[in-house]
Amino acid sequence: ILSYKDFRKAISLCMDRSDYTASTTAGSVPGFGLLNDIYMSDPENMVRYRDTEQAQQVMKDVYGVSDLADLTGYDKEEASKLFVAAYEQCLADGNISETDTIYIEYHTFDSEAISHKMVDYLQQSVEAAVEGTVLEGRIEFKLLEDPDLEWALTIDKREYQGVKRLIQHSRCMPMSDSPAFPEKSNKWLSP
């Protein structure tokens, strides 16, 4: 059912990102797009991609807002409708039965408290969105610790190569503690 766009969008919309970051990842800020604030569109002038007119328009279009100040990414009612629509399409396509439970594995390299908080929050958000629908009590998240990240080896090699190329050609490395542009590291410390 994860192959259905409506299901994935429902998962995204059912989470209150501000509450999520406050209760699970203290020190983080809500994210609304694929590229966060570390990506630069103009490194020489320290212009972040997310600050460009193009990036802001994409966010407005994706979330259906006219002002980014209204952007929360949270719409439990719409999420509920999308969950049901995805389920009904999946059922019509013969990919799920009326009694199946949907199990979603959340792979992580550790089983620290924060990982459990993240999965618990996701579970609670989905449960709230499907309450009173045919999916109530039928979607379960399971945290799987995989310190060697063996699950990553199951990714389609074409997808892996695409991600690998994206990272290699980006001017900053995601998940890195080092500045994207070491030669300009003094700018990173400026307000």
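These legends cover close-up views of a predicted model. Local features need pLDDT of at least 70, side-chain atom pairs count only at pLDDT 80 or more, and totals for chains, interfaces and linings use all residues. Residues are numbered from 1 along each chain as its sequence is written, and side-chain values use heavy atoms, with hydrogens and water left out.

**View 1. The largest nonpolar core has 28 residues.** Such a core is a set of buried Ala, Val, Leu, Ile, Met, Phe, Trp, Tyr and Cys residues joined through side-chain atoms within 4.5 Å. Buried means under 20% relative accessible area, exposed over 50%, partly exposed in between (1.4 Å probe, protein chains only). Phe7, Phe83, Val126 and Ile139 have the most contacts inside the core.

**View 2. Phe83 and its neighbours.** Phe83 touches Phe7, Ala10, Ile11, Cys14, Val126, Ala129, Val130, Leu135 and Ile139 (heavy atoms within 4.5 Å). Residues up to four places away in sequence are not counted.

**View 3. Two aromatic pairs turn up in a search of the whole structure.** Phe7 and Phe83 pair edge-to-face, at 5.2 Å centre to centre and 75° between the planes. Rings of Phe, Tyr and Trp (its six-membered ring) pair if their centres lie within 6.5 Å; planes under 30 degrees apart count as stacked, over 60 as edge-to-face and the rest as tilted. Both Phe7 and Phe83 are buried.

**View 4. Tyr20 and Tyr121 form an edge-to-face aromatic pair.** Their centres are 5.3 Å apart, with 65° between the planes. Tyr20 is buried, as is Tyr121.
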